[in-house]
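Open the model in your viewer and keep the sequence panel beside it. This tour goes from one selection to the next.

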Amino acid sequence: MEEELEIFLEDCDDQLQFMENALVEMQNGIIDEEAIGAIFRAVHTIKGSAGMFGFDDIVAFTHTGENLFDLIRQGKVEVNKEMIDLFLRCKDYAEKLVQAAVNSEELDEEQKRIGEELTNKLIAYIEGKPQESAVEVLKDETLDESEQKWHISLRFHQEFFTTGMSINSIFNFFNKMGKVLLKHPITYNIPPLEELNPIHPYIGFEILFSGKTTKEELEDVFEFVADDVDLIIFDVSEKGAYESLVVQRGEALLQKELIAASFASQEMFSETFLKDVSSEESEAEEKKELKKEIIAPQESLEKQEEAKKSESKKKSSTTLRVDSHKIDLLINYMSEIVITNSKILSLVERENEESEESSELEEAAYSMKELLEYVRDGIMDMRMIQVGDSFNKFRRIVIDTAKKIGKDVEFVISGGETELDKSVVERISDPLIHMLRNSIDHGIELPEERVAKGKRAKGRVDLRAYPDAGSIVIEIEDDGGGLDKERILAKAIENGVVKPSDKLSDEEIYKLIFAAGLSTADKVSDISGRGVGMDVVKRNIEDLRGSVDITSTYGVGSKITIRLPLTLAIIDGFLVQVGLTKYIIPLENIKECIELTKEEEAQMGTNEFINLRGEMLPLLNIRDVLHEEESISNRKNIVIVYFGNKYVGLIVDELLGEYQTVIKSLGEVFVNLPGISGGSILGSGEIALIFDVPRLIELKNRVGSVK
Amino acid sequence: MTFEMVEEITIYEAEKLKELLLEKLDDAELLLDMAKIQKIDIVGIQLLISFIKSAEARDKRVEFKNVSESLYEQIAASSCENILGLG
Amino acid sequence: MSEGTLEEFDVGEEDLFVIGDAQQYLFFKAGGDIYAFDVTHVNEMIEYQKVTRVPMMQSYIKGVTNVRGSIVTVIDLLERFELGSTQIGAKTSMIIIKNIALIIDEVHDVNSIVDEDIKESLEFGFKIEQRFIRHMAKYHDSYIAILNCEEIFKLDEIAKLKEL
């Protein structure tokens with residue numbers, strides 16, 4: 001079942017349960033506003049959710065129920081015992097409707113008859129009420145006092161388009177709930193084609209809506225895509241509401257658009273404000289964060305109370321939805337604490353260098369360190385999400401892609417419960433989609449072709465995730481034709497990527513598909529484009545400090561293996577010194593450290609490798625490669641780092657010890673810098689540079705081949 | 001230019017269409033024949049807006065012809081008909 | 001602008017009561033010449049502090065430094081202008097604009113210049129490349145170059161790696 005549908009089913013179950021609870025209370029004679037309100041909200045929520053999915057049967061049935069409850073709420077119809085029984089039957093019927101809808105089944109004739117009967121009975125109660133209010137129910141669509149005008153400002157997160165949720169169904173739903181008075185697309189964030197990633201959303205919408213709905217009900221519309229939309233809803237009658245929208249969005253052009261599309265008038269924006277927005281674009285981001293908290297539209301006390309009540313009734317689940325910005329903020333603070341604590345520890349250690357015993361201060365500092373690690377892990381854990389939710393979104397793309405090119409593919413997801421940092425999950429999504437498409441397009445053969453080869457007509461693509469030694473592995477495996485070594489090599493030689501004289505291992509040949517400008521497809525197909533992509537995919541993964549490998553057997557299939565770090569924010573590293581600069585090597589890449597003795601150095605001569613326990617270990621002298629100054633300590637050590645199955649010994653001056661560190665970006669000036677992934681501020685305030693080991697190994701190969 | 005190869009401007013075609021449109025940007029006349037297009041989604045609309053922006057940066061105007069009623073409806077559902085110059 | 005960073009520099013009293021439209025400019029010395037930045041571009045000024053060298057970059061990219069917990073890129077302005085490199089002394093300072101710290105010889109003060117004294121930059125006749133100059137400003141009978149941050153920080157230029 002699709003993830004959204006699952007949420008829908010769960011949500012309906014919850015609502016039906018609330019309804020039943022309230023009805024049972026009513027049966028026991030407690031017919032109060034609260035119970036009636038609870039049922040009304042439940043019916044309304046189900047209607048709303050069903051509308052999102054286009055389950056018209058449910059919408060129609062619940063709509064009738066909702067109308068009746070609206071009248072009851074207004075005191076125009078009185079509840080009696082028969083009615084409660086009727087409602088219980090309606091609840092049972094609604095449950096069946098939901099089940100049928102989710103499983104895309106039809107109700108049987110008997111059920112349909114029951115539905116009609118129940119609907120007629122509900123209508124009879126609606127029509128039984130005093131005549132004058134009947135008119136009111138019918139004029140449903142027109143504005144009356146109880147209608148309220150809401151502004152809905154809609155932006156989308158990167159993955160929205162790939163969720164498969166159609167934006168039109170959201171608009172349709174607004175049309176059902178009330179009236180869309182204005183709808184204006186926001187297009188200034190759409191870049192020119194050159195910079196466009198076509199499946200990322202840049203467009204946004206501003207909507208003026210009028211209806212008998214509360215803010216919560218409108219927000220519920222987006223419940224299924226809550227993680228993928230950025231939503232601001234406010235009552236337009238609130239003072240300064242539009243001004244605060246512009247601030248919250250932090251989009252300098254928004255104000256003009258709002259005025260041009262007649263949502264707001266010039267007068268709604270104070271003059272000082274105009275200046276603010278235009279002159280401080282750079283600070284807009286920060287402001288966006290701050291003001292979100294401070295000027296969230298003030299709700300009246302009464303409203304809040306009501307919301308609280310309904311909240312406590314509605315939310316029986318124990319999960320808490322937290323704005324990810326709040327967690328990021330916490331991580332930033334945590335990073336500072338980790339740095340400060342390292343500083344305390346190094347001070348304490350220096351203080352105690354002389355004495356044999358550890359002081360109480362030292363012990364306290366160490367238990368503090370331990371506790372901080374728990375807190376840190378706890379916070380990091382909050383950012384971890386299961387990859388399954390994201391993986392399930394690929395189903396539709398895979399199936400549709402296959403269908404489009406006449407292939408029959410079974411898509412199997414496993415390890416969906418594997419957890420990964422949310423930002424990593426978000427950023428790996430595009431590369432995965434690309435590779436999945438490739439597998440289907442270039443990997444899986446057409447059904448006839450498969451049968452001719454003695455394979456099952458239906459191809460199979462596996463997407464699996466599992467944790468492995470401190471990192472997460474994602475694999476895409478297909479049982480298609482596999483890679484054609486000869487053709488890749490021929491193509492690579494033709495494009496000048498490799499020389500005909502180069503001796504390449506199978507693995508190295510397969511890896512060529514990640515080289516820029518190399519597409520082995522004989523003819524350009526609709527799906528995976530024209531050789532743009534795999535190099536970008538590789539780059540994207542490496543930007544996440546991950547790696548990608550491919551193995552393949554001709555005729556049998558291919559397997560792409562992606563290795564990703566658990567998190568991006570903090571790493572355990574090893575601090576070393578080269579010349580005047582301190583560098584951090586991620587611990588996950590270190591195999592061991594050895595001292596380079598004078599004898600060994602002499603033995604080595606001008607060779608760039610040493611013999612380590614019978615194996616040749618290539619060496620990379622950091623001082624030479626990075627043009628560092630002479631060593632101050634005159635010592636030399638080798639840190640053996642590895643990535644995948646490649647080992648390199650880095651020659652450094654001094655080993656300073658393990659260091660837990662927060663990765664910070666060095667800034668955009670250093671984007672092209674190979675071998676260094678960021679910086680870290682040490683306890684002393686000094687900055688250490690963090691090695692990007694995979695790139696460093698690449699650098700070694702490049703430098704080596706030049707020589 | 002006509003969209004010979006597709007009948008839909010949707011998320012599934014977006015990557016390829018982007019490449020096609022990028023190439024077409026160099027043409028003197030940017031007239032897009034939409035006769036064959038039956039379906040467009042928000043991804044497609046966004047792509048066309050982006051195309052228009054790139055064209056404007058080159059001082060060129062994009063024109064769409066043979067937009068079917070149904071296609072227009074689909075674009076109007078997102079209120080983007082004016083931006084695409086169809087309003 | 002960050003709080004308090006300008007206080008130590010003398011803002012002349014007469015500058016506070018300028019009639020007509022005037023902007024404030026930060027005056028400073030680099031390689032013996034006086035230059036100015038539009039004050040609204042300047043985040044803060046700090047004394048010269050330890051810089052961590054970053055390898056493989058253009059020689060005017062001195063590296064990075066830690067400004068209250070943020071990593072900031074350090075550029076030697078004089079080297080950027082190809083006028084030699086700044087000698088580090090007691091008065092050497094860093095002017096922080098966006099996320100970049102510029103090493104300069106000495107910070108002077110913040111002065112107001114009325115808009116009518118701001119002229120287009122001359123085509124020639126100045127030591128530094130014309131593109132680095134946004135305007136020329138007349139100040140007490142001399143002309144001062146108001147620098148163009150966009151050109152100095154032009155990303156595709158300064159992010160280029162030195163040949164390996």
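Two residues count as in contact if their C-beta atoms, placed from the backbone, lie within 7 Å. This is a predicted model, where local features need pLDDT of at least 70, side-chain atom pairs count only at pLDDT 80 or more, and totals for chains, interfaces and linings use all residues. Residues are numbered from 1 along each chain as its sequence is written, while chains are lettered from A and ligands numbered from 1 in the order in which they are written.

**Stop one: the sheet.** Select β2, β3, β1 and β4 of chain A. They form an open sheet in the order β2-β3-β1-β4, with antiparallel pairing. Helices (H or I, at least four residues) and strands (E, at least two) are DSSP runs, numbered from the N terminus. Strands pair if DSSP finds at least two bridges between them.

Which strands stand at the edges? They are β2 (179-186) and β4 (229-235) of chain A; each has a single partner strand, so one side of each lacks a neighbour in the sheet. Neighbouring strands are turned by 15° against each other on average, direction ignored.

**Stop two: one pair.** Select residues 204-211 of chain A, which make up β3. Seven bridges join β3(A) to β2(A), and the two run antiparallel. Find A:Ile186: opposite stands A:Gly204 in β3(A).

**Stop three: a helix.** Select residues 241-249 of chain A, helix α9. It lies across β1 (148-156) and β4 of chain A, at about 165° to β4(A). Axes are lines fitted to C-alpha atoms, for helices over the stretch in contact, and angles run from 0 to 180 degrees between N-to-C directions.

**Stop four: the two chains.** The contact takes 25 residues from chain B and 24 residues from chain A. On chain B, α1 (14-24) and α2 (42-57) each supply at least two residues of the side that touches chain A. α2(B) gives the most, with 10 residues.
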